Amino acid sequence: RSGAGYFQSLQASQDAQEMARLRLGQQSLKANQVEQLMLENTRLRKLLELRERIATPSRVAQVLYDAADPFSRRVVIDKGMVDGVVSGSPVIDETGVLGQVTRVYASVSEVTLVTDRDQAIPVLNTRTGARGVAFGDPAIHAGGLELRFMAANSDVQAGDILATSGVDGVYPAGLPVARVDKVERRVDSAFARIHLRAVALVSGTAHVMVLQPVSDQIAVRPPLELPAATGRKAAKK
C-alpha cells in the first residue's frame, strides 16, 4: 500500500507539473501577443497622426504578405480597386515612404518597395536643398538605396535626410525617404557613390497608408481657344 501510494503521489505531482508548464506556456504566448498588440497600436497612432498632418486624400491598409517573387521587393495590401486604390499611388508608413502601388486587383493591391531595383524616387536633401534621384539597390544591404548621378564634390554627408521633392507628380513633397549611410568619393570617377538606408520599415511594417497620386489632384488644363479668323482670312475660308 505504501508503494502504491508513493507512485500515485508521484503521478499526481508529474500531472500537476505538466499542467503548470502548459499554463506557463499559455501565459507566455498571451504576453507576446500583448506586446505585439501594443507595438501595432503605437504604430497605428503614429500613422493616424501623420494622416492628420497630410492634406493628401488617403486610406489605411494592412500588409497581408510578401510577394512570391524572390527577385523583387514587393508586398500585398488588403485594399484594391473596390476601395478606390489606383495604380501609382504612393504608400507610406508612420516613418516615411514605403513604396508605390504597381498592380491593382479587385480587393488587394501589390506595392513595390523603395528598395526594389526598379524603383526610382526624385528626392531633396533637406540640409542643402540639392535635388537627386534615389534608386532601389537591395544588393547593398537590407533596406538599401543608392543616390546616383551626384558629382564627386557634391555636398552630401552621412546622416543627411532625403525627402520627396514632389517634382514627379506622384509623391507629395516633404515625405522622408532615406538617410545617407555612407559616401564614397573616388578620384577615378566623376560621380560619388552614395549609399542610403530607407527610413520606412521596409521589412517589418504591418499597417500602411495609401495616398492619392499628386497628378490626380491637379486640375486638368482647359484646351486653348483659337482666336476667331477676321478680315480677308475669314473671307478666303
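# Notebook: cavity, pocket and confidence

Started with the inside. I sorted the lining of the largest cavity by class and got six nonpolar, three polar and two charged residues.

**Cavity.** I asked how many cavities of 30 Å³ or more the structure holds. There is one. I get about 50 Å³ of space for the largest cavity. I then listed the residues that line it: Val123, Asn125, Thr128, Ala130, Arg131, Gly132, Leu147, Met150, Asp155, Val156 and Leu162. Which elements supply at least two residues each to that lining? I find β6 (120-125), β7 (131-136) and β8 (144-151). A reminder on the approach: rolling a probe the size of a water molecule over the atoms shows where empty space is left.

Next I looked up the largest pocket, which has about 210 Å³ of space. I count 17 lining residues, and those closest to the pocket centre are Asp66, Arg74, Val75, Leu113 and Val202. Two elements turn up with two or more lining residues, β1 (58-66) and β2 (74-77). Which element gives the most to this lining? I have β1 down for that, with four residues. Sorting the pocket lining by class, I got nine nonpolar, four polar and four charged residues.

**Whole chain.** I stepped back to the overall numbers. My tally of secondary structure is three helices and 12 strands. The chain has 237 residues, and 35% of them count as buried. For contacts, I took those with a separation of 6 or more and asked what share comes from residues 24 or more positions apart. That share is 59%. I also looked up the accessible surface, which is about 14,900 Å² for the chain. Carbon and sulfur atoms own 54% of that surface.

**Confidence.** Last, I checked pLDDT. The chain mean is 80, and 75% of the residues reach 70 or more. Where among the elements is the mean pLDDT lowest, and where highest? Helix α3 (residues 231-236) has the lowest mean, 51, while strand β5 (residues 109-113) has the highest, 94. Where pLDDT is low, the predicted coordinates should not be read in detail.

Methods:
Residues are numbered from 1 along each chain as its sequence is written. This is a predicted model: local features need pLDDT of at least 70, side-chain atom pairs count only at pLDDT 80 or more; totals for chains, interfaces and linings use all residues. Side-chain values use heavy atoms; hydrogens and water are left out. On a 1 Å grid over the protein atoms alone, a cavity is a set of points where a 1.4 Å probe fits but cannot get out, and a pocket is an open set with protein on both sides within 12 Å along at least five of seven lines; lining residues have an atom within 4 Å of a point. Grid points are joined across faces, edges and corners, and a volume is the space filled by probe spheres set on the points. Ala, Val, Leu, Ile, Met, Phe, Trp, Tyr, Cys and Pro count as nonpolar, Asp, Glu, Lys and Arg as charged, and the others, Gly among them, as polar. Buried means under 20% relative accessible area, exposed over 50%, partly exposed in between (1.4 Å probe, protein chains only). Contact means heavy atoms within 4.5 Å. Accessible areas come from the Shrake-Rupley method with a 1.4 Å probe; for residues, only the protein chains shown count as cover. pLDDT is the predictor's confidence in each residue, from 0 to 100.
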